[in-house]
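Please find below a note on the model under review. The sequence and structure are shown first.

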Amino acid sequence: MSIYFATETENTETRGEKLVQNGNGSLFTEGQLDQLASVMHVKKIASGSHLFWEGDDAVSVYWVRKGRIKLRKSTGDGKDLLISIMQAGDLLADIDAWDTSHRYSAEAMDEVEVGVVSRLQLELLMSKSGDFSYRFAMWMSLMQRKTESKLRDLLLGGKNGALASILVRLSNSFGVMKPDGILLDIKLTNSEMADLVGTTRESVNRMLSSMRTDGIVEAVPGGMLKILDLEALRVMAGCPDCPACPKEICRI
């Protein structure tokens, strides 16, 4: 019997709408998403509010239905790292068998709507459906590969390579094709970019300025970036699998 049980009632409602096959949740079939939707309730989070904090009890998994969520991890010296950005179609499951608390915080970047599934309900669903359990194991493997590839790029590519890798991943996650490049349809400050790379805002300022001078990226009105030369970023990132690496792995 599971020792985990979630009871959330504040700002929640039940819905029977279909879940969208997108993001890291695209591994699940339509039927499996219907199974997941049948045991979830919907929760809305205002922009700037937290879905959960680092250290809170991890008693639920979440399917992002609307909006974007940034995941932050605190370091021992008091710094904050921006480790990922979730969007509609992503599954957020910060659970394991050894640690029953959240390892990072989840903050809404805009108006967010998530489907909440208690850990108990997830375990019951997995016990009843071997195919769903298999797909969930595939999803966990995908998340591990994504994390490993991000760590490789951040540790081995140097600051320029790490920033280039982040920009390539942002293009796969939020890129919109335009005649003259790829618009990153997300507003991130240079401080947030620095938190993604694990460096200082001043370093990101210098690197982006150099990339703009070289015609690799350009700033566009509204606080967004446009990638003009994706191949140059791939070379800078130095990923041995690029461009063959699946976009499900090469994501932010």
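1. The model is predicted: local features need pLDDT of at least 70, side-chain atom pairs count only at pLDDT 80 or more, and totals for chains, interfaces and linings use all residues. Residues are numbered from 1 along each chain as its sequence is written, and side-chain values use heavy atoms, without hydrogens and water.

2. Seven helices and 13 strands make up the secondary structure of the chain (DSSP runs, H or I of at least four residues for helices and E of at least two for strands, numbered from the N terminus). Of its 252 residues, 47% are buried (under 20% relative accessible area, 1.4 Å probe, protein chains only; exposed is over 50%, partly exposed in between).

3. Among contacts (heavy atoms within 4.5 Å) with a separation of 6 or more, 71% join residues 24 or more positions apart.

4. Helix α2 (residues 119–128) packs against helix α3 (residues 130–156) at about 115 degrees, with the axes 5 Å apart (lines fitted to C-alpha atoms over the stretch in contact; angles run from 0 to 180 degrees between N-to-C directions). From α2, Leu122, Leu125, Met126 and Lys128 take part; α3 contributes Gly130, Phe132, Ser133 and Phe136.

5. Leu151, Leu155 and Leu156 form a nonpolar surface patch of about 370 Å² (residues with over 30% relative accessible area and no salt bridge, nonpolar side chains joined within 5 Å; a salt bridge is a Lys or Arg side-chain nitrogen within 4 Å of an Asp or Glu carboxyl oxygen; areas by Shrake-Rupley, 1.4 Å probe). Leu151 belongs to helix α3 and, at 46% relative accessibility, counts as partly exposed.

Conventions:
Patches are made of residues with over 30% relative accessible area and no salt bridge: like charges are joined within 9 Å, nonpolar side chains (Val, Leu, Ile, Met, Phe, Trp, Tyr) within 5 Å.
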